Amino acid sequence: MNIEVRDLSKTYPNGTHALRGVSLDIPMGMFGLLGPNGAGKSSLMRTIATLQEADSGSIRMGDVDVLRDKEAMRARLGYLPQAFGVYPGLSAVSLLEHIAILKGLTERRQRRETVDHLLQQVNLFEARHKAVSSFSGGMRQRFGVAQALLGQPSVVIVDEPTAGLDPAERVRFLNILSEVSQRAAIILSTHIVEDVSELCSQMAIIASGQVILSGEPQALIERLEGQVWQTLVPREALPRYEESHRVISTRFVAGRIALNAFGTQSPGDEFSPAAADLKDVYFCALKGWLPAPSAAD
Ligand code: ADP
């Protein structure tokens, strides 16, 4: 089921203009919402999740007018916020049972089966009698997915889920989301480019409350092909390059600086062509070097 966000705007009472006319089409599968801190990702996620109001604009999911008919949206929604509190001492299985009751799973046997199945799905069945408050960050996030999946939602929203996870936990967590995305639309909000490039079939980049680019990650990378150039420069030369070239990104390599630059033609003899990746797309978009989304994207 597609979600259509149209012209969504939000200004907080302190005057922060967090969303400025956001329009997006979010299809089934995994959708990555990428942007720097403060871009407006959480504001957008919370508005889609009916946790806060917009000033103007609309959100539709199928025949549901999300901003007007919040209950209908909530019945179809699973939400994993950035951080969620847990009752100290309560085991994974009891906490999930409690949440299941709140979500209306009143028939005991069916509830038990659902809870066990979800704990298996997120690889927490062995740890089900342990206190959630004693879980590692990765286990907590997986528990978060299990609670978000109660009630078979058709949309699951996950806000910055991999921050603070170690690499193995991150992979395990993302694999679970990927599996869930066979059955539901998943909106993954993140500032980590790799989360999107590894998993998402569609994405948008948001900055200063506006969508600056959207489409399929691979298609966006192809748009940049032939326009990314790389070179190695001494550290002290960096300021000069930053002044005279469109520097996309830099990283240290054995005491020198590997530099990616943007250009429709080679920026100089010392540069060689580089294969574009989603990080290049992200940084070029943020710097305004890529055209805004068009009807063709
Ligand atoms: P992101 O999730 O991309 O980091 P947010 O949606 O959290 O972005 O924030 C967008 C902007 O709105 C930021 O400038 C942030 O400080 C501001 N903001 C977020 N929530 C509130 C709030 N409740 N009241 C006032 N300003 C807020």
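Predicted model: local features only at pLDDT ≥ 70, side-chain atom pairs only at ≥ 80, totals over all residues.
1. Helix α8 covers residues 217-224 and helix α10 covers residues 278-286. Where they pack, the angle is about 75° and the axes are 9 Å apart. Angles of 65 to 115 degrees count as roughly perpendicular, and α8 and α10 are therefore roughly perpendicular to each other.

2. Sorted by class, the contact of α8 with α10 has seven nonpolar residues, one charged and no polar.

3. Now go to the ligand. There are 13 residues around it, and Gly 38, Gly 40, Lys 41, Ser 42 and Ser 43 come nearest. Which helix gives the most to this shell? That would be α1, residues 41-48, with four residues. As for the make-up of the shell around the ligand, seven residues are polar, four are nonpolar and two are charged.

4. A polar backbone atom of Gly 38 sits 2.7 Å from an oxygen atom of the ligand. For Ser 42, again a polar backbone atom, the distance to a ligand oxygen is 2.8 Å. With Ser 43 the side chain takes part: one of its polar atoms lies 2.6 Å from an oxygen atom of the ligand. How much of the ligand does the protein cover? On its own, the ligand has 560 Å² of accessible area, and the protein covers 64% of that.

5. Asp 7 is not a glycine, yet its phi is positive, at about 55°. You will find Asp 7 in strand β1, which runs over residues 3-11.

6. The other one is Gln 152. Its phi is near 45°, also a positive value in a residue other than glycine. Where does Gln 152 lie? Look in the loop between α5 (137-149) and β7 (155-159).

Methods. Residues numbered from 1 in each chain as written. Heavy atoms only, no water. Near = heavy atom within 4 Å. Polar contact = N/O pair within 3.5 Å; in protein donor to acceptor, adjacent residues only side chain to side chain. Areas by Shrake-Rupley, 256 points an atom, 1.4 Å probe, with all protein chains shown as cover. Helix = DSSP H or I, 4+ residues; strand = E, 2+ residues; numbered from the N terminus. Nonpolar A, V, L, I, M, F, W, Y, C, P; charged D, E, K, R; others polar. Axes fitted to C-alpha atoms, helices over the stretch in contact; angles between N-to-C directions. Parallel < 35°, antiparallel > 145°, perpendicular 65-115°, else oblique.
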